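Subject: Structure handover and notes

Dear colleague,

I am passing on the structure we spoke about, and below it you will find notes on what turned up when it was examined. Please keep the structure open while you read, so that you can look up each residue as it is named.

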Amino acid sequence: MAEPDAVVIAASTRRLVGDLFEYRDLGAAQLKGFAEAVQVWQVLGTSGVDNRFKALRTSARTPLVGREDEIELLLRRWALTKARYGQIVLLSGEAGIGKSRLLAAFEQRLEGEPHVRLHFFSSPHHRDSMLYPIIARIERAARFARHDTPESRLDKLEALLSRSGESPPEELALFADLMGLPTADRYPSFILDPQRKREPTMAAFVRQLEVTARRQCVFLIFDDIHWMDSTSLELLDVIMARVPQLSVLFCATFRPEFQSPWTGERHVTTLALSRLGQREATQLVEKVAGEKPLPADLMDQIVRRADGIPLFAEELTKSLLESGLLHDQDGRYVLEGPLPPVAIPSSLYASLMARLDRLSPVKEVAQIGAAVGREFSYEFIAALARRTDEQLDDALEQLVSSGLVFRRGTPPNQSFIFKHALVQDAAYSSLLRRQRQELHARIAKVFEARFPETVATQPEILAHHYTPRPGSSRPRSSIGAKQASALSGDLPTSKASRT
């Protein structure tokens with residue numbers, strides 16, 4: 001039985017969070033509202049895993065597709081690193097494009113070569129937590145446990161730092177202070193304010209890196225630095241200044257909205273990952289399906305909806321394979337019935353919604369745009385948003401800066417396009433049924449009042465928005481694209497967005 005205040009999760013959540021936590025299997029439990037017993041797990045605490053990508057993908061890893069050139073580039077930078085010409089690779093790309101997957105595949109290529117891997121993760125929940133990636137990494141590496149006493153944690157910290165050689169007492173004291181551990185009489189106490197402690201703490205970390213790099217090559221990864229706190233970014237400045245003199249391959253990953261200040265040096269390589277082409281996306285889907293052919297229409301729908309994002313292609317395919325809609329017949333998959341619309345997998349929905357929820361003040365604008373379609377014009381959203389021009393401009397600017405939508409054109413003929421069809425779907429599905437109906441009615445009235453010529457030539461638009469829809473339906477984005485095209489002078493209907 002679980003404790004009264006324990007966190008208990010179902011199988012669906014257990015799959016989503018992977019090995020990020022430690023669990024206790026509580027077996028099948030009879031829960032209110034469920035006709036049959038449900039398998040449940042108690043969450044005991046964080047697992048201490050040092051690779052979030054691997055923790056969230058505990059099943060057999062899908063082979064890397066379409067990134068051969070990038071792997072070869074990393075291998076060339078590694079060769080320079082081994083020759084003691086430290087290298088920096090700045091790896092950018094949108095969410096789900098495969099930044100962590102690429103580095104995991106590269107690390108596989110290093111198996112058998114002596115090296116040390118140091119992996120640090122940033123978190124959207126700790127943007128204001130000073131040196132959070134460093135503290136979290138030390139906790140994992142030292143194997144801090146939930147019930148450790150401060151003295152026990154201090155012993156573990158000492159053991160960790162001793163692996164790199166002799167650490168002076170002042171350095172041990174700085175790391176203990178960083179971890180919030182009382183040192184009692186073991187080390188000298190520092191009567192310094194936090195601002196003055198920062199520099200010696202950073203210097204101590206860099207010294208540890210230097211000692212390690214003198215013994216073996218270091219593969220140093222900082223993931224998702226777009227979420228990094230300002231003090232950690234200062235530490236990156238200090239580390240990067242030392243990398244050229246060390247046997248260190250430093251890789252930092254981030255999304256395109258992050259403006260990297262570390263460019264222009266010979267030892268710095270900027271690598272931007274692009275979306276997969278149709279051929280590569282098809283290859284990826286085939287590999288996820290175990291090389292068993294999928295129905296052509298279904299393959300086309302998956303590739304089209306994934307829109308070149310490897311994670312989306314992988315999760316859409318897995319979701320369909322697990323849905324029971326397909327069965328194996330003579331070594332190929334066939335559909336049990338009519339081809340259904342491809343829904344957002346639960347493994348992606350939470351992530352997409354989290355990105356929208358972090359923009360809660362402007363989320364309503366994204367929802368309105370989603371009801372209009374994959375693409376919507378400024379003129380049309382202005383007629384619907386019930387905001388001042390200044391408020392609307394600010395909301396749209398935040399959506400563009402977040403990477404959720406693209407901007408096309410210049411005022412007053414601007415239009416906006418959801419970066420991915422699944423982002424549009426997530427925004428639309430977050431509307432309650434009553435909100436959805438009210439919004440579609442407003443859209444139809446705006447068409448009738450302001451754009452009668454569009455209604456006359458494309459009456460199906462009006463019919464779409466006046467058609468009653470169940471709470472789970474999604475907008476037909478092709479119609480939304482026609483709306484945007486009809487209302488933007490620089491967007492002819494023949495260029496309507498794909499969904």
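How many aromatic pairs does a search of the whole structure find? The search finds nine aromatic pairs, and please bear in mind that the model in which they were found is a predicted one. One of these pairs is formed by Phe120 and Phe222, which are stacked, with 4.6 Å from centre to centre and 5 degrees between the planes. This pair links distant parts of the chain, since Phe120 belongs to strand 5 (residues 115-121) and Phe222 to strand 6 (residues 217-223), and the two are 102 residues apart.

Are these two residues buried or exposed? Phe120 has a relative accessibility of 3%, so it counts as buried, and Phe222, with a relative accessible area of 1%, is buried as well. Phe222 also pairs with Phe250: the ring centres are 5.6 Å apart and the planes lie at 20 degrees, and because planes under 30 degrees apart count as stacked, this pair is stacked. Here too distant parts of the chain are linked, with Phe222 in strand 6 and Phe250 in strand 7 (residues 248-254), 28 residues apart. Phe250 has a relative accessibility of 0% and therefore counts as buried. Ring pairs link Phe120, Phe205, Phe222 and Phe250 into a cluster, and the charged end of Arg137 sits over the ring of Phe120, 5.9 Å from its centre.

Five strands form an open sheet with parallel pairing, in the order 5-6-7-4-8, and its edge strands are strand 5 and strand 8 (268-272), each of which pairs on one side only. From one strand to the next, the twist of this sheet averages 15 degrees. Strand 6 and strand 7 pair in the parallel sense over five bridges, and within this pairing Leu220 stands opposite Phe250, while Phe219 stands opposite Leu249. Between these two strands the chain crosses through helix 9 (residues 230-242), and this β-α-β crossover is right-handed. On strand 7 there is also strand 4, joined to it in parallel by six bridges, with Ser92 standing opposite Phe254.

Why can strand 7 be described as largely enclosed by the rest of the structure? Seven of its seven residues are buried, and that is why the description applies. In a regular strand the side chains alternate between the two faces of the sheet. In strand 7 both faces are covered, with Val248, Phe250, Ala252 and Phe254 buried on one side and Leu249, Cys251 and Thr253 buried on the other.

There is also an open sheet of three strands, in the order 11-13-12, whose pairing is antiparallel. Strand 11 (375-377) and strand 12 (405-408) stand at its edges with a single partner strand each, so one side of each is left without a neighbour in the sheet. The twist here averages 25 degrees from one strand to the next. Strand 11 and strand 13 (residues 415-418) run antiparallel and are joined by three bridges, and Glu375 stands opposite Ile417 in strand 13. Helix 16 (residues 389-401) packs on this sheet, where it touches strand 11, strand 12 and strand 13, and its direction makes about 115 degrees with that of strand 12.

With best wishes

Notes
Residues numbered from 1 in each chain as written. Predicted model: local features only at pLDDT ≥ 70, side-chain atom pairs only at ≥ 80, totals over all residues. Heavy atoms only, no water. Phe/Tyr/Trp six-rings, centres within 6.5 Å; stacked < 30°, edge-to-face > 60°. Helix = DSSP H or I, 4+ residues; strand = E, 2+ residues; numbered from the N terminus. Buried < 20%, exposed > 50% of the residue type's maximum accessible area, 1.4 Å probe, protein only. Lys NZ or Arg CZ within 6 Å of the ring centre and 35° of its normal. Pairing = 2+ DSSP bridges. Axes fitted to C-alpha atoms, helices over the stretch in contact; angles between N-to-C directions. Contact = heavy atoms within 4.5 Å. Right-handed = clockwise from strand over helix to strand, strands pointing away.
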